[in-house]
Amino acid sequence: ESISFSITTTPTMNPSESFAGIESRQLDERHGTIMNPLINQHISTTRALQLNDSSRTSTLRAAIQYCIDTTGRDAPLLDVSDMGLCAMIASVLGARKVTSLESSSGSLPRVAATVAQIGNGLPPSNAGFQIIQAQTEHLLSEHILGGAAEIVVAEPYYEMLEGWHLQEALNYCYTVCSLKKRGVVSSTALSVPAYANVMVCVVECDQFCTAYGHVGSSTTNIVAGFKHSTVNHFGNRYHEYDVSLPLWQYRYKPLSKPTCVARIPYEGTNPTIESTGGASEITATGHAQAVVIWVDYACR
């Protein structure tokens with residue numbers, strides 16, 4: 001309830017020049033580069049909107065509160081997401097031994113520290129709160145406040161995987177498994193989220209096919225007298241790999257019921273991804289042009 005975020009921009013300028021001067025000049029003669037007067041260096045607009053989703057934050061808060069009530073305020077807690085949002089929530093809720101792992105090599109660890117220390121007054125006088133900037137494979141139990149973590153938390157969010165939510169869900173699973181094998185996280189540790197369901201839905205989406213499909217006719221590959229066969233060879237292959245798109249920007253028609261095809265657990269001695277073997281039930285007529293994949297996280 002005491003954490004807030006805002007979308008801000010940072011002016012890029014030399015101390016001796018005015019902001020208006022940079023706005024009016026496109027090219028910096030000394031460096032030969034185009035100068036961008038406004039750069040958001042830390043948080044993308046999509047990420048800022050995600051952080052300002054009050055329903056999402058409330059869900060994480062309730063789940064973290066459950067874990068603290070179950071294990072006690074002195075239980076070691078480890079946040080393995082970039083930015084440490086869950087760690088800050090846990091500390092605000094009264095957890096006394098909180099460690100946040102920042103694996104990002106950019107500016108995000110400093111932003112996380114600023115939000116925690118200046119924005120939320122962490123650590124409190126009667127508790128411990130620390131941010132460690134390191135790779136997961138270098139983390140040891142002695143680096144965690146209180147020893148092996150009894151609570152492990154994540155949004156999950158990773159700066160390098162932003163927008164690729166299935167990969168984020170898998171990355172959290174592999175990270176937790178690795179930490180449990182090395183004794184950094186207890187085998188009986190509670191997790192937020194507890195597990196993730198991988199969901200799919202067959203859709204008809206003409207806009208996607210028009211924008212990313214085959215160019216020209218199927219026989220000649222010619223547009224305005226130019227052959228596009230090479231473009232089609234390398235570009236028209238979305239049946240072979242994934243593409244990350246903001247689906248709310250596209251009109252599409254669901255042709256099947258949402259179906260769970262896999263469950264990714266985050267708790268237990270050896271979390272193993274389970275295939276649920278679900279078959280999509282077709283509920284509408286149309287052209288099956290794509291399969292939408294998303295992740296539903298389960299939080300206590």
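A crossing is right-handed if the near helix is turned clockwise from the far one by less than a right angle, and left-handed if anticlockwise. I noted that first, then looked up the pair: helix 3 passes helix 4 in a right-handed crossing.

Ground rules. The model is predicted, with local features needing pLDDT of at least 70 and side-chain atom pairs pLDDT 80 or more, while totals for chains, interfaces and linings use all residues. I count residues from 1 along each chain as its sequence is written, and side-chain values use heavy atoms, without hydrogens and water.

Entry 1, the helix pair. Helices (DSSP runs of H or I, at least four residues) and strands (E, at least two) are numbered from the N terminus. I find the axes of helix 3 and helix 4 10 Å apart, at an angle of about 55°; axes are lines fitted to C-alpha atoms over the stretch in contact, and angles run from 0 to 180 degrees between N-to-C directions.

I checked residues 85–93 for cover, and 8 of the 9 are buried (under 20% relative accessible area, 1.4 Å probe, protein chains only). Among the buried residues are Cys 86, Met 88, Ile 89 and Leu 93. Gly 94 follows helix 4, with a positive phi near 115°.

I count 1 cavity of 30 Å³ or more (points on a 1 Å grid where a 1.4 Å probe fits but cannot get out). The largest cavity holds about 30 Å³ of space, a volume filled by probe spheres set on points joined across faces, edges and corners. Its lining (an atom within 4 Å of a point) includes Tyr 66, Cys 67, Ser 191, Val 192 and Arg 300. Helix 3 (54–71) and strand 9 (185–192) give two or more residues each to this lining. Helix 3 gives the most, with 3 residues. By class I get 8 nonpolar, 1 polar and 1 charged residues (Ala, Val, Leu, Ile, Met, Phe, Trp, Tyr, Cys and Pro are nonpolar; Asp, Glu, Lys and Arg charged; the others polar).

The largest pocket holds about 1,700 Å³ (an open set with protein on both sides within 12 Å along at least five of seven lines). Of its 47 lining residues, Gly 163, His 165, Ser 244, Leu 245 and Ile 293 are the closest to the centre. Helix 3 is one of the elements that supply at least two residues to the pocket lining, as are helix 6 (165–181) and strand 16 (290–298). Strand 16 gives the most, 8 residues. I logged the pocket lining as 27 nonpolar, 12 polar and 8 charged residues.

How values were computed
Buried means under 20% relative accessible area, exposed over 50%, partly exposed in between (1.4 Å probe, protein chains only).
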